[in-house]
Amino acid sequence: MKKFKYKLLSNAFNKKDIDIGTKIIRSKQLTISFITRKFEKYFAKKIGAKYAIMTNSGSSANLMALSALTNPLSKKIFKPGSEIIIPAVCWSTSLWPILQNNLKPVFVDVELDSFNIDLDKLKKKINKKTKAIVLVHVLGLSTNMKKLMKIVKKNKLDLIEDTCESLGATYDKKKLGTYGRFGTYSFYYSHQITSGEGGMIVCNNRNDYNILKSLRSHGWSRDTIFHKYYKKKYSKIDHNFLFIGPGYNLRPTEIQAGIAFNQFKRLEKLINLRKVNRSIIINKLKNHPEWNNQFEFVKIDKLINPSWFGLPFMISNKYIKKKKIFLDFLSKNGIENRPIISGNFLNQPASKLYNFKYNRNDFRNANEIEKRGFFIGLHTNKIKTYEVNRLVKYLLNIGKFL
Ligand SMILES: Cc1ncc(COP(=O)(O)O)c(C=O)c1O
């Protein structure tokens with residue numbers, strides 16, 4: 001019998017995605033060109049932002065957002081050591097750009113129910129040095145954005161929304177990623193859409209947009225609003241090679257843009273399929289004769305329209321002792337699983353290596369999520385009956401490890 005496999009992602013690419021990728025390779029125009037630009041325009045319009053810039057990953061989009069805040073061409077430059085608030089349940093590359101730009105991360109605990117930042121605890125961490133919040137919209141959900149925006153406005157903070165796990169989700173009908181100064185997205189494997197690797201960053205300010213373009217391409221002035229001025233001022237230098245600041249090469253290929261563009265057009269369909277699959281799995285679990293509240297599921301604020309990234313579980317306390325054996329059992333039986341992002345990031349080795357200062361008691365929920373949480377995939381094809389039955393059977397096996 002074929003071994004059962006339930007991966008974090010399956011069959012993400014349809015025939016048209018592959019045909020488009022192949023056609024671009026055949027065209028030999030692999031470096032960034034008009035398909036990327038067309039996709040950026042389309043993405044910005046659909047998401048509800050003025051500008052969008054495609055990158056080679058969501059991590060690169062985060063790096064660009066934080067680098068823009070410290071760039072000399074920015075209207076308001078963050079000084080070294082400025083404090084940036086970030087939830088303890090975050091991804092590594094939500095955090096590292098803060099340090100890479102000589103800024104100081106200040107960690108805040110999250111809510112147990114939604115895995116997203118706890119706004120009451122956040123308020124307590126704001127002081128004169130606080131300049132921005134790097135918000136992470138965890139696994140297709142968000143915090144209460146109305147309340148958060150009040151805090152942001154009252155304290156004149158900048159907001160960067162790491163939306164890498166939540167493309168297409170809305171809060172109060174507004175797309176996540178469009179509330180702040182920058183919103184970032186990832187098109188990595190198992191995200192809402194995937195081009196293998198890829199990402200996007202959106203913003204509404206023309207100056208920011210042009211800084212981002214320069215950051216993405218070596219720090220040169222080409223294709224930016226700054227070019228005209230520097231071209232005139234430095235007329236002896238070849239104007240194609242005028243450098244105006246720190247920069248990277250974070251550009252995607254046309255192949256990535258072509259594939260992601262085609263997938264983005266069916267984003268709503270993919271989101272809905274994931275919603276359907278989630279309901280099927282949870283209903284089947286809860287209606288099973290062996291269901292004994294072995295797991296808890298996230299609570300969804302009524303103003304959120306989620307865009308699920310995976311299916312997270314919190315193991316009930318009674319079953320927690322054998323979590324590792326249980327997760328190994330799932331893996332051995334073909335069910336890929338992983339922690340809720342990186343658990344409490346403060347427990348990671350990097351936290352010691354970089355000497356992050358924090359009070360362990362302030363992070364009870366993040367610790368609990370690390371201790372009790374895990375997630376499995378949520379596919380973009382309707383789940384088959386035999387798959388649900390197997391999944392439910394293996395998940396309910398947790399009772400056998402008591
Ligand atoms: C919250 C969050 N931010 C950033 C990233 C980085 O995205 P990428 O893998 O495209 O670099 C991830 C990746 O999964 C993520 O979960």
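Modeller: Contact here means heavy atoms within 4.5 Å. Keep in mind that this is a predicted model.

Biologist: Which elements are included in what covers the buried residues of α13?

Modeller: Start with the helix itself. Helix α13 spans residues 364–372, and its buried residues are Asn365, Ala366, Asn367, Ile369 and Arg372. The cover over these residues includes α5 (119–124), β10 (295–296), β12 (311–315), α11 (323–332) and β13 (373–376).

Biologist: Now the ligand. How many residues surround the ligand, and which are the closest?

Modeller: A residue belongs here if one of its heavy atoms lies within 4 Å. The count is 15 residues. The closest are Gly58, Ser59, Asp162, Glu165 and Ser186.

Biologist: Which helix gives the largest share of the shell around the ligand?

Modeller: Two helices, α3 (58–69) and α4 (92–100), each supply at least two residues of the shell. The largest share is 3 residues, and the helix that gives it is α3.

Biologist: How many residues of the shell are polar?

Modeller: Sort the shell by class. There are 4 nonpolar and 2 charged residues. The polar count is 9.

Biologist: What percentage of the ligand does the protein bury?

Modeller: For Ser59 the distance is 2.5 Å, for Ser186 it is 2.6 Å, and for His191 it is 3.1 Å. Taken alone, the ligand exposes 380 Å². Of that area, the protein buries 92%.

Technical notes
Residues numbered from 1 in each chain as written. Predicted model: local features only at pLDDT ≥ 70, side-chain atom pairs only at ≥ 80, totals over all residues. Heavy atoms only, no water. Polar contact = N/O pair within 3.5 Å; in protein donor to acceptor, adjacent residues only side chain to side chain. Areas by Shrake-Rupley, 256 points an atom, 1.4 Å probe, with all protein chains shown as cover. Helix = DSSP H or I, 4+ residues; strand = E, 2+ residues; numbered from the N terminus. Nonpolar A, V, L, I, M, F, W, Y, C, P; charged D, E, K, R; others polar. Buried < 20%, exposed > 50% of the residue type's maximum accessible area, 1.4 Å probe, protein only.
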